[in-house]
Structures are given as C-alpha cells and as structure tokens.
Amino acid sequence: MKLPLLLAMLMMGSPAPAAEIFGGLTVHDVDTPLNKGGFERGLDVQAGLRGSRIRALNAIGAPSPYAFVSVSTEGATNLAAAGISWKIGHRFYLRPGLGIAVHDRSSHVVRGGLRGDFGSRVLFEPELGIGIRLGERLAAEASWVHVSHATLFSDQNPGMDNIGVRLNFRFR
C-alpha cells in the first residue's frame, strides 16, 4: 500500500471535526528558483482538510491545522503533509502555511546526471495560497507547495515545488 493512501486512511479516523475541505490539481515538480526540480512530470490530485483556528495559539495569530495528500497522476512522487496555516484577509486573502511532509520518491530518480532523491523521507512543507471567496462557503486558491529538508539531514536536497489551484468548501 502506498504511504499517502495509508496516511489518508489514518487521518480520516481523526475525531477532530474539519472546518473546511479542499481539493485541487497541481503541476508536479516545477523547476523554480527555490529548487532543482523538473525530475518528474505530470499532475497531482490534492485533497485535504483544515480545522478551526487554534485559539490557544492566539499569540501567533491563531493558525488552523491542516492535512492533505497529493497523489501523482503519472506514478511519480506522492506525499502527505500536516501543519498549520494562517488566513490573512477576508474576500481576497493570503494563506501561508508550514508543515511536515512524508513522501515515497525513489532514491533512483536521476535527471541530467543529478540525483533527484530528497535525502530524507521527512521534509519541511512550506506553502502559500492566494485566494478569493466565491461565496459564503466556497473559495478558490492559487497554491504553491514546496517540500525540502533544507540540507539538515544530508547534502542531497533538490526540493520539489508543486503549483496549482484548489477549491475550498467551508462547513461553518
């Protein structure tokens, strides 16, 4: 069983209610100035949930917890991530987030003589959404998700950026 599928099944059993669900498509492993991407190609399907704001963390802006899975349509790297994010704004907003991800990329990925393995199964997962509310419960976001270990676990660290769109549905 693939790692993201197993993590998704474990997250579904969580007793915490979701305040919002989201889903979308991202372009997989985009080559950007932040990473040495482009090792893999294709699209990813992303699905996740966000909880209500954590009032105990008011000192840092009461972020919301999130979790998502991203599954490659081309059989490339899949990942699952969890973290916290802040929504800044109302109709138009920014949603920066920071989490931890696990992935299933092979250590045998090579492009142009460079190794594409991440150097660690556990990665940091900063992300940014730029969104617009389309209605009382519906919003659309452009999203950027980066995974990397910042060379903390090894010198091997190409990173990966996925860029795409999400639709968010808020329950309350």
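This is a predicted model: local features need pLDDT of at least 70, side-chain atom pairs count only at pLDDT 80 or more; totals for chains, interfaces and linings use all residues.
How many bridges join β1 to strand β11, and in which sense do the two strands run? The points below take this up along with the salt bridges, the cavity and the surface of the model.

1. Nine bridges join β1 to β11 (residues 160-170), and the two strands run antiparallel.

2. For the overall layout, the protein chain has one helix and 11 strands. Read along the sequence, the pattern is α-β-β-β-β-β-β-β-β-β-β-β. The chain has 172 residues, of which 42% count as buried.

3. The model contains eight salt bridges. Side chains of opposite charge can pair when their charged atoms come close. One of these bridges is between Arg50 and Glu20, at 2.4 Å from N to O. Arg50 belongs to strand β2 and Glu20 to strand β1, so this pair ties together parts that are 30 residues apart in sequence. Are these two residues buried or exposed? Buried means under 20% relative accessible area. Arg50 is at 2% and therefore counts as buried; Glu20 is at 8% and is buried as well.

4. A salt bridge also links Arg105 with Asp29, with the closest N and O atoms 3.1 Å apart. Arg105 sits in the loop between β6 and β7 (110-111), while Asp29 sits in strand β1, so the contact ties together parts that are 76 residues apart in sequence. Arg105 counts as buried because its relative accessibility is 2%. Asp29 is buried too, with a relative accessible area of 2%.

5. Glu141 and Arg166 meet through their side chains in a salt bridge of 3.4 Å, N to O. Glu141 is in strand β10 and Arg166 in strand β11, so parts that are 25 residues apart in sequence are tied together. Glu141 is buried at 2% relative accessible area, and Arg166 is buried at 2%. Salt bridges with shared partners join Glu20, Arg50, Arg95, Glu127, Glu141 and Arg166 into one network.

6. Which strand gives the largest share of the lining of the largest cavity? The model has one cavity of 30 Å³ or more, and the volume of the largest cavity is about 70 Å³. It is lined by 13 residues, and those closest to its centre are Glu20, Lys87, Arg137, Ala139 and Arg170. Strands β6 (92-103), β10 and β11 each supply at least two residues of this lining. The largest share, three residues, comes from β11.

Note on methods
Residues are numbered from 1 along each chain as its sequence is written. Side-chain values use heavy atoms; hydrogens and water are left out. Two strands pair if DSSP finds at least two bridges between them. Helices (H or I, at least four residues) and strands (E, at least two) are DSSP runs, numbered from the N terminus. On a 1 Å grid over the protein atoms alone, a cavity is a set of points where a 1.4 Å probe fits but cannot get out, and a pocket is an open set with protein on both sides within 12 Å along at least five of seven lines; lining residues have an atom within 4 Å of a point. Grid points are joined across faces, edges and corners, and a volume is the space filled by probe spheres set on the points. Buried means under 20% relative accessible area, exposed over 50%, partly exposed in between (1.4 Å probe, protein chains only). A salt bridge is a side-chain nitrogen of Lys or Arg within 4 Å of a carboxyl oxygen of Asp or Glu.
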